[in-house]
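Please examine the sequence and the structure before reading each solution.

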Amino acid sequence: MKSYRKELWFNTEKRREFINITPLIEECLRESGIKDGLLLCNAMHITASVFINDDERGLLQDFENFLEKLAPEKPYSQYRHNTLEDNADAHLKRTIMGREVVVAVTDGRLDFGPWEQIFYGEFDGKRNKRVLVKIIGE
């Protein structure tokens, strides 16, 4: 069995962004040489997320609106966590959207359903953060 590991780094221009990272993940899969196995992709920061969904601009805006209703950024004073920081909402948004995805690899390709894409969700950006890609198989 082979194993492959790579870290991808992101530094978003805005506090919150959704980035389609599918092409980067597919490049990792090509680099790995693994044809059949499993791919794990996870955010290594507690205010960022990795998730699978459709790459449709309206849907991504719907995610933003939905998350902001559930865990509004402001007023900062509404959160006990925000004594030294102002990112309590980002922690909650990450919990809702999830930490990682696992995707089957078949014949050297991500074994996706129709329209599925992998996204990096940033909820407290403007600084370096990493995503781990781990692939195991043959």
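**Exercise 1.** Where is the place of M1?

Solution. In this predicted model, M1 lies in the segment before β1 (2–10). With a relative accessible area of 76%, M1 is exposed, since the cut-off for that class is over 50%. Together with L38, V102 and I136, M1 makes a nonpolar surface patch of about 420 Å².

**Exercise 2.** Determine which elements give two or more residues to the lining of the largest pocket.

Solution. The largest pocket has a volume of about 220 Å³. Its lining consists of K14, R16, E17, F18, R57, L60, Q61 and E64. The elements that give two or more residues to this lining are β2 (17–20) and α2 (57–70). The largest share, 4 residues, comes from α2. By residue class, the lining divides into 2 nonpolar, 1 polar and 5 charged.

**Exercise 3.** Compare the placement of the salt bridges E73 with R16 and K93 with D89.

Solution. First, E73 and R16 have their closest N and O atoms 3.0 Å apart. This pair links distant parts of the chain, 57 residues apart: E73 is in the loop between α2 and α3 (88–97), and R16 is in the loop between β1 and β2. E73 is buried at 12% relative accessibility, and R16 is buried at 19%.

Next, K93 and D89 approach to 2.7 Å between the closest N and O atoms. They are 4 residues apart in helix α3, so about one helical turn separates them. K93 is buried at 1% relative accessibility, as is D89 at 0%.

Finally, R16, E73, D89 and K93 are among the residues linked in a network of salt bridges.

Conventions
Residues numbered from 1 in each chain as written. Predicted model: local features only at pLDDT ≥ 70, side-chain atom pairs only at ≥ 80, totals over all residues. Heavy atoms only, no water. 1 Å grid on protein atoms, 1.4 Å probe; cavity = no way out; pocket = protein on both sides within 12 Å on 5 of 7 lines; lining within 4 Å. Points joined across faces, edges and corners; volume = space filled by probe spheres on them. Nonpolar A, V, L, I, M, F, W, Y, C, P; charged D, E, K, R; others polar. Patch = residues over 30% accessible without salt bridge, like charges linked within 9 Å, V, L, I, M, F, W, Y side chains within 5 Å. Areas by Shrake-Rupley, 256 points an atom, 1.4 Å probe, with all protein chains shown as cover. Salt bridge = Lys/Arg side-chain N within 4 Å of Asp/Glu carboxyl O. Buried < 20%, exposed > 50% of the residue type's maximum accessible area, 1.4 Å probe, protein only.
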